[in-house]
Every structure is written in C-alpha cells, then in structure tokens.
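Could you walk me through this fold, one feature at a time? I would like to learn how to read each of them.

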Amino acid sequence: MTPAGQRRKALAKLGREQRLTRRLEAIDGTLVSLNGRSKMRNQKTVYRGVKYDSLLEAEYAAYLDSLMLVGKVVAWERQVHVILLDGPKARDREKMIVDFKVWFPDGRWRYEDVKGRLLPVFLHKVKHWKRRVQAELWIVTKPKDEWVYRQMADGILPAWLEQYR
C-alpha cells in the first residue's frame, strides 16, 4: 500500500472511532470490547449497567428511556423470547428473541426488533411470525439520525425488507 493509501486508511479509521465515541457519549454508554466484534461487526455495549448485543440496540434503549420520561411509553422489556413453533423437545422448537417489548399509555403493546442489517435466519423467522404469533412485530432501523418504524404485514416479506438483505 502506498503511503498516501495508508494515510487515507488511518484517517478513515480515526473518523470511525470519533463517530463511535460521539454515539457512546450521547447515551453515556461504554463498549465491552473493540476487538470482540461479531461477524456483523456489532459493538457490544453497556448502557445503564446492562450489556446489549449492539451499539444500535443500546441507543434504542436510551431512546425508549427518553420516551418514558415524556410519557409516550409506559414501560419496555428487552430480549423477549417468543416461541414460533412449539415441540415436545427443545430441538423441535423454533423461537425468536425479539429485542424489545414496548407498552404504551393507551394500553397497547408491541414487539420491536432493532436491525442494522437483516440476516437470512431473521427473514426466515419473519415469514412464520404472523401465522404463529398474534402480536404486532415492528422492525426499527436508523438509516441516518432518526428512528424508522416498519410494521410486518401478514407474515409476508414487504418490499422494503429487500433493501436490508
């Protein structure tokens, strides 16, 4: 690699680290490890003493806390296990761990899954969701600086999911 290429790579890395630092400071979070990345490059993050699988999840937890302060959300729970297919033995069961279950002031609640990128195993489970679970599943993404909510419709993969493949 040329010296100019090395400088560009070093500057890009510095920019990533600065963006990461800003995001962590915004939620008063800490990284568990910079080196322990998953194959999806998630950064395990601690927010309010709880370890989240990704910085994006921790940011969303902070956002839910802010919604609770203004009364738009009553409560939320994380890492909710939902059984999609029950069986007599554990190996016969298919389950999905949804990132959040959120309760609203009007008594409604829904499941929300925060996604940066959709994996084939998630897409497979989404297909079975409506047939097996009588509850709303919303996919939460953050393409820029604002949260985007998309509802899953009738267990069919909507066209907007294709962009996250």
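This is a predicted model: local features need pLDDT of at least 70, side-chain atom pairs count only at pLDDT 80 or more; totals for chains, interfaces and linings use all residues.

Q: What is the phi of Gln79?

A: Most residues other than glycine have a negative phi. Gln79 is not a glycine, yet its phi is positive, about 55°. Its relative accessible area is 23%, so Gln79 counts as partly exposed; buried means under 20% relative accessible area, exposed over 50%, and partly exposed in between (1.4 Å probe, protein chains only).

Q: Where is Arg48 placed, and what is its phi?

A: Arg48 lies in the loop between strand 2 (45-47) and strand 3 (50-52). Its phi is also positive, near 50°. Arg48 is exposed, with a relative accessible area of 65%.

Q: How many helices and strands does the protein chain have?

A: There are three helices and eight strands, and their order along the sequence is α-β-β-β-α-β-β-β-α-β-β. Of the 165 residues in the chain, 39% are buried.

Q: How should I read helix 2, and how many of its residues are buried?

A: An α-helix has 3.6 residues a turn, so residues three or four places apart point the same way. Helix 2 is mostly covered, with eleven of its 15 residues buried, among them Leu56, Tyr60 and Leu64. From first C-alpha to last it reaches 21 Å, close to the 21 Å expected (1.5 Å times one less than its number of residues). Gly71, with a positive phi near 85°, follows helix 2.

Q: Which residues line the second largest pocket?

A: A pocket is an open set of points on a 1 Å grid over the protein atoms alone, where a 1.4 Å probe fits, with protein on both sides within 12 Å along at least five of seven lines; lining residues have an atom within 4 Å of a point. The lining here includes Arg22, Ile27, Leu56, Glu59 and Lys144. Helix 1 (3-27) and helix 2 (55-69) each supply at least two lining residues, and helix 1 gives the largest share, four.

Key: Residues are numbered from 1 along each chain as its sequence is written. Side-chain values use heavy atoms; hydrogens and water are left out.
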